[in-house]
Amino acid sequence: MATIVLSAIGAAAGASVGGGVLGLSSVVIGRAIGASLGQVIDQRLLGSGSERVETGRVDRFRLTGASEGAPVPQIYGRMRVGGQVIWATRFKERVRTSGGGGKGAPKQPEVSEFSYSVSLAIALCEGKITRVGRIWADGQEIASRGLNLRVYTGSRSQSPDPKIEAVDGAGNAPAYRGTAYVVIEDLDLGQFGNRLPQFSFEVMRPKQAVANAVNADPAHGIRGVALIPGTGEYALATEPVYLDKSPGRVVAANVNSPSARPDFNTSFEALREELPNCQSVSMVVSWFGDDLRVDRATIRPKVEQNAMDGRGMPWSVSGLTRDTAELVPLQGGRPVYGGTPTDQSVIGAIQKVRQSGRSIVYYPFLLMDQLEGNSLTDPWSGAGSQPILPWRGRMTLSVAPGQSGSPDQTSAADTEVAQFFGLARVADFQNGSDGVNYSGPDEWSYRRFILHQAHLCLAAGGVDAFCIGSEMRGMTQIRGAANSFPTVAELRTLAADVRLVLGGETKIGYAADWTEYFGYHPQDGSGDVFFNLDPLWADTNVDFIGIDNYMPVSDWRDGEDHADAGWGAIYNVDYLKSNIAGGEGFDWYYASQPAALLQNRSAISDGAHGEDWIYRYKDIKGWWSNTHYDRIGGVRSGTASDWVPGSKPVWFTEYGCAAVDKGTNQPNRFLDPKSSESSLPNYSDGRRDEFIQMQYLRAMIEFWTDPANNPVSGSYGGPMVDMARAHVWAWDARPFPFFPQSTNVWSDGQNYYRGHWINGRTASRSLA
């Protein structure tokens, strides 16, 4: 108590004024004075008798205002700004009184606690912006949802804020048209020590959309995105999920940013605001394959750990629980991937996206999880170990076609493919309260994988489109007896089954690799040409031609003496556009690696029948608008395939380019040290280059939105390539910038910097 403390201090002070008898008297006097002062303070703090205690009261506030003649900032891209207060209310004082006496009760001190709030408007910059991202108060990032915040983008038609109008009166409130600003209503100042903090805001102002023009800038031109990572047990959960790490220690599994909201919600809000014209979301959900040989492979959901489960949302997929599921393999003590999203989280994410007014393309995804040192025979080489984390497109027979002892072109190939697809039926799945259960044959097959996903979409209320697979190139080229293609036949059956589950309103398709969609040309000297996927593309249950489009759009080298140097720079959008339906894969090809080094280009032509397009993987228009005839032994069949020219739209189920030097030379290349597929694009020096990524997107959007390049079909009345269903790879469901920066949470964060991600990049502006 202050009485005791100040009594001791007073005694010490009294002793210092003299010695002897006088000194002793001084100690007594000092103690008395100190005790008296302490008693006064005690009464003020603790109350005594009729004393009143006031806490938190402020006599004067200072509010920073806009300075006369202060400049209005112009923002280009993404920037952090402080802004200027352009309007504020008087400070509102609130008093809460407690204590005092009651009849028959001891009299207590009456305590009055003061708190303050204020409403204010802060001008940010010249409009028009797309969003306000992160917010800082006194340098510390804070959650925006606790601020009662309204953002005005600075449009020329914005209306006055209702709070300003309520205070100043109707007709007296300016709309600040052309100025982007925020209004914070009834800001509680207690959290800031009863003072107004210094605010700063992350503002995004990409290149402005132009009315009645092709808006190819990524911020306005992107119409669809692929939502990754497809893994993470609670990455898609729209509610916070908590894990008991240890007794007394509870952590959120899916809240990893100061927004204090689930990661999916935070990232999806950024998607809606940063890409305002993005109306289609391809939702990626992954299971795991464990062998490149289809007769031995299993496909199943897996978990990251089995020590703790999510409160309120225990992990459950296809009847498995955390205790019964297999673990994702570890590398360096950490899972190589996140686990499969729990069914309940997938249902919630689908519903959230649909509630936003956006369409859903559901995209089941197959990841391979073989690690170094596995003892699985490689079907392509015969080696005693399969590649590390390989591409699913390498899945094939027990011995790959072209290798000695391969069952390709025999009935044994049909048997192996049938074993991979399995026997699961539509009736084997039941929708439960927390996901989808399974009661069919004891198998982890491809049919179980896909039909589970279809029932999951049904449980969520349906989706707009559904992919029955993607990039199964090694399998769709498998031949059974009599040049049949058993994987294509199985996919047709699967499409019919998915139709039974999801009904006639859902679009169904297959996402072919860009080297796969147009046909199969065995490199065995036979001269064969097969339009092997045509029975699938022509099937009545298939509504679109899906292409994962990573075709090269440049052949750039360093220096000034290479073949394309006349274009000036790889960033030239006209140069990139010239290679979308031209250049390598359309006009010419390299016959060998030495030819590529010397840029000795061989023309692509069909001398026999003048159908050059059958050898041009880039000639989507030629493939789409012509009747198809197989060639066996180089002889053109007299019977056309089932494909009807121009009968169905093409969707780019994936397209994109890595943010790496010369990424447009090979947009399909990516860097991931864990994977055997990791590599740089041709002739790249490996530097991070976000500009080439954005120029690639501009070129693709400009080219395919030009009617001269994208004819309209007479069958369905739409364009050949539906850019409303072109999905950029990729937007991450983990919130930027906490992904990629939080590598202690997400081990793949370092891959972002030179990868295909567009989070945090689409609002950027070039120096020009």
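1. A word on terms first: helices here are DSSP runs of at least four residues, numbered from the N terminus. With that in hand, helix H7 is followed by Gly422, whose phi is positive, near 80 degrees. Please keep in mind that this is a predicted model.

2. Helix H7 itself spans residues 411–421, and its buried residues are Ala413, Glu416, Val417, Phe420 and Phe421. These sit on the same side of H7, because the arc they cover around the axis is only 135 degrees. An α-helix has 3.6 residues a turn, so residues three or four places apart point the same way. Turn to the other side of H7 and you will find Ser411, Thr415 and Gln419 exposed.

3. What do the buried residues of H7 pack against? Their partners are strand E15 (299–300) and the helices H8 (446–459), H9 (473–476) and H10 (486–502).

4. Arg447 lies in helix H8 and Asp497 in helix H10, 50 residues apart, so distant parts of the chain are linked. Both Arg447 and Asp497 are buried.

5. Arg300 meets Glu326 at 3.3 Å, N to O; Arg300 belongs to strand E15 and Glu326 to strand E19, 26 residues apart. Arg300 counts as buried because its relative accessibility is 16%, while Glu326, at 37%, counts as partly exposed.

6. Across the whole structure, a search finds 46 salt bridges. Elsewhere, Arg78, Arg131, Arg134, Glu202, Glu273 and Glu274 are linked in a network of them.

How values were computed: Residues numbered from 1 in each chain as written. Predicted model: local features only at pLDDT ≥ 70, side-chain atom pairs only at ≥ 80, totals over all residues. Heavy atoms only, no water. Buried < 20%, exposed > 50% of the residue type's maximum accessible area, 1.4 Å probe, protein only. Helix = DSSP H or I, 4+ residues; strand = E, 2+ residues; numbered from the N terminus. Arc of directions from axis to C-beta. Contact = heavy atoms within 4.5 Å. Salt bridge = Lys/Arg side-chain N within 4 Å of Asp/Glu carboxyl O.
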